[in-house]
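This briefing covers domains, sheets, helix packing, cores and the chain contact of one model. The structure comes first, then the points by topic.

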Amino acid sequence: MTALLEMRGISKVFPGVRALDNVSLTVEPGEIHAICGENGAGKSTLMKVLSGVYPHGSYEGEIIYDGQPLACRNIRDSEDRGIIIIHQELALVPLLSIAENLFLGNEVAKRGIINWAEAFQRTGALLKKVGLDEVPTTKVEKLGVGKQQLIEIAKALAKDVRLLILDEPTAALQENDSQKLLDLMLELKAQGVTQIIISHKLNEIGRVADRITVIRDGATVSTLDKAEISEDRIIRDMVGRDMAHRYPDRSPHIGDVLMEVQGWNVWHPDQKDRQMIKDAAFHVKKGEIVGIAGLMGAGRTELAMSLFGKSYGRGISGTVTMGGKVADTSTVAKAIDAGLAYVTEDRKVLGLVLDEPIVRNITLANLLGVSKNGVLSQRRETQVAEEYRKAMNIRTPGVMQKVVNLSGGNQQKVVLSKWLFTDPQVLILDEPTRGIDVGAKFEIYGIMNELAAQGRGVVMISSEMPELLGMCDRIYVMNEGRIVGELSRAEASQERIMALILQSEGKAA
Amino acid sequence: MSEQNKGIGAHLGGHLRENGMLMALVAIVVFFLIIVRVFEGVDFLSAQNITNLFLQNSYVIIMALGMLLVIVAGHIDLSVGSVVGFVGAFAAVLTVNLHWPVWAVVPACLGLGLLIGAAQGYWVAYWRVPSFIVTLAGMLVFRGATMWLLAGQNIGPFPKTFQSLSTGFIPDVFGVDKPNMTALALVTLSALVIVAMGWRARMRDAEFGIEPEPGAVFVARNLIVSAALIFVGYKLASFRGLPNVVVILTVLTVLYAFFTEKVTTGRRIYALGGNEKAAKLSGIKTERLVFLTFCNMGVLAALAGMIVAARLNSSTPKAGVGFELDVIAAVFIGGASMSGGVGKILGAVVGALIMGVMNNGMSIMGIGIDYQQMIKGLVLLAAVIFDVYNKSK
């Protein structure tokens, strides 16, 4: 039997990062092939290479599809060959109807005039195929996430799909919706549609996948047949790596409890009956670096943002204690006053005013510190910025440089400077090293150690487990909005964190 | 090319927008000076015409100050023209029909402007209704309210004291009268202050190792600005002195320039317009800031409304029609960005002056309103294309 898809020796380099390094993948016709790996291992990059998001020529290696070389210039090319990818973030237009969405860009039309009768008829047939009982004119926004996911699949079927790629299809779904989706995958397989599923939910993979390819650090580790699939084996392949000397040395001096959160509950801002954080409790001590581990969608960012001035969610309840006293963190300004700082995950969208100079970004959260009676002292402002430029080693020709011109690592140092200038007791760092090259990562780790040494508490949210293990004195593990475990530095290992996540899976409800 | 010259060239390239508008203003003035002299035989920079220029355009400049803040915050206010009409009508009813004294009318009108701004800002800031919609509604509502208040009639004339808001002049405290020594002294003083402040900023930049603009550029710019100021001042002094409006304008411009560059609240408006989410997560009360910028716009529109009414010496249902477009155009010509976060007070003032000089020059040349509109539209487009082009480079 010849393979439907063969990717050989794929390498993809971004400035400063080797995202894929000689990856190979073979997919047989009619199978469901799972790709798993940690966040950032290169799964999505590989799929973007396959689907033409990264055009032919921007990567090394060759792709043989259906016996012929595949050289896509864009997504359109790969779709024409029957390769369709369904991304984690759904790409539906909420205000258009099901029928309009199904044929978007692919309308049932002659000379630009849409034949609605035929479109509705075909919509009906497609909906039946995916097991959805909806009227073609229903607006997509009226459907839940689970049904929207099915619409995405129907949309793929409308394009004569031969190879369907699902990127974390169940990440946003409830348990029974997930089951329905997996059933549908098996049914499509029976109809001869080859599928690739990207997931780190190992129980799901075990249920549908015929073979698994594990990717780690941008390289293929192994491809396992159904008979070889076991959670232990997959976890070992996913995480096993050498961690020596990637983190600066530090001898922690841990003091009293600095911040304590109890009974923290948060609801989704739009979906009223969806609880995002369930009864979370944790604490941070003086001089301690505490990690929060979890998969994407576990609720880590939601927890942090809801704590920081109720910047996320509704119906928030619970108490925050800072230094033994109950603290008011109901607005961002009050949270800052209480001694809290939050360095956001997405620094460009949430952390920086990109078109403004470094100096103005650094002083933004504490303008009172550089002003008198509301009048800014540019002298003082520049002094402050210069101090941080030196302390943080921000590489720039001058502090008047716009932050948009800085590299990711230097931008992150500007954000850290901004928050340090508010003199916080506890800093929550959300994915502080995302999108930063290795050298700058090491510097950021050094800054974190320095902050802890100053007696501040540091909370580090990260999807990279080695980083958490290398940096943290204690790690909380989150899954599905709950804190499902706590591990000391000595206890913590990637296997134990994964195990805590997997054991809690589906038990929530 | 010597090292120094290269520095100047590179600097001008980097600050093309800031110095560019000033140069454009100078170029346009020179252009009209020549054209008007050649074709009409009139002195474009005569004392009388300079006075006229300010009287005719004061309302645009005043409102451009507020509009700059609104636009920097990432919003727009289309209602200001109608508010000008409505407040003018309100002032006419109070003064002419009800015989209120001026000292009571002025605060009442400013208060009305504040209320109007607050009413609109409330929906924009706290309900997140798009400002385009809210102020479009305001534009219709207040135009209608103007007609209703005036019952379709003109109301006037205003008493002398009210008229002096626009047409009055600062008397000469030195008693010389011609040339008006007060005017000369004030103008010379402001030129000195501008140069001194520029020098201080330059010293500070040097202290912190911020690359200063080349000395030649600094000197040239200050020379041009001071010379222009003193020239205008001298001309005004030799005519009837400083118009009250010019004093109001200058004081407001200085205040707002100070506010936007030196005051924490001003800084926060830029952050809000530059990245609202980041501003919010830095502890800035973004809703309240938006609300306040609209309140401020309302007050300035009310002031402009009184000045327009005082100048026309009557309130008409048509007063202020289309003003919002002049004001918004002035702000964009002055370098503000549609997406918010960028723009300077002095830029907006220069933008308003460019519009004003063109209006005035083309009127003197007898160019019809039809061509005037087309030319003004193209100038706006050209200025913004220039911006976009510079950014994409």
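Two residues are in contact if their C-beta atoms, placed from the backbone, lie within 7 Å. By that rule, helix H9 (residues 300-307) of chain A lies across strand E13 (257-267), E14 and E16 of chain A, and runs at about 70° to E14(A). Axes are lines fitted to C-alpha atoms, for helices over the stretch in contact, and angles run from 0 to 180 degrees between N-to-C directions. Helices (H or I, at least four residues) and strands (E, at least two) are DSSP runs, numbered from the N terminus.

The model is predicted: local features need pLDDT of at least 70, side-chain atom pairs count only at pLDDT 80 or more, and totals for chains, interfaces and linings use all residues. Residues are numbered from 1 along each chain as its sequence is written, while chains are lettered from A and ligands numbered from 1 in the order in which they are written.

**Domains**
- Domain bounds come from an automatic or database domain assignment.
- For chain A the assignment gives domain 1 (5-239), domain 2 (246-339 + 424-509) and domain 3 (352-423).
- Between the C-alpha centres of domain 1 and domain 3 of chain A lie 43 Å.
- Chain B is assigned domain 1 (3-168 + 264-392) and domain 2 (170-242), with C-alpha centres separated by 24 Å.

**Sheets of chain A**
- Two strands pair if DSSP finds at least two bridges between them.
- The order E14-E13-E16-E17 describes an open sheet of 4 strands with antiparallel pairing.
- Its edge strands, E14 (275-285) and E17 (325-326), each pair on one side only.
- Strand E16 (residues 314-322) is joined to E17(A) by 2 bridges in the antiparallel sense, and Met322(A) stands opposite Lys325(A).
- Another open sheet has 6 strands in the order E6-E9-E10-E3-E11-E12, with mixed pairing.
- E6 (83-86) and E12 (219-225) stand at its edges with a single partner strand each, so one side of each has no neighbour in the sheet.
- E3 (residues 32-36) and E11 (residues 211-216) run parallel and share 4 bridges; Cys36(A) is opposite Val214(A).
- Helix H6 (residues 175-190) packs on this sheet, touching E3, E9 (163-167) and E10 (194-198), and its direction makes about 155° with that of E10(A).

**Helix pair in chain B**
- The axes of H10 (residues 244-262) and H15 (residues 345-364) of chain B come within 9 Å and cross at roughly 145°.
- Thr253(B), Tyr256(B), Ala257(B) and Thr260(B) in H10(B) meet Ile345(B), Leu346(B) and Val349(B) in H15(B).

**Nonpolar cores**
- A nonpolar core is a set of buried Ala, Val, Leu, Ile, Met, Phe, Trp, Tyr and Cys residues joined through C-beta atoms within 7 Å; buried means that 20 or more other C-beta atoms lie within 10 Å of a residue's own.
- The largest core has 188 residues, of which Met63(B), Ala64(B), Leu68(B), Val87(B) and Val331(B) touch the most other members.
- Helix H13 (residues 286-312) of chain B supplies the largest share of this core, 17 residues.
- Apart from it lies another core of 62 residues, including Ile63(A) and Met238(A).

**Contact between the chains**
- Chain A contributes 27 residues and chain B 23 residues.
- On the side of chain A, H13(A) gives the most, with 4 residues.

Note on methods:
Buried ≥ 20, exposed ≤ 12 C-beta atoms within 10 Å, placed from the backbone.
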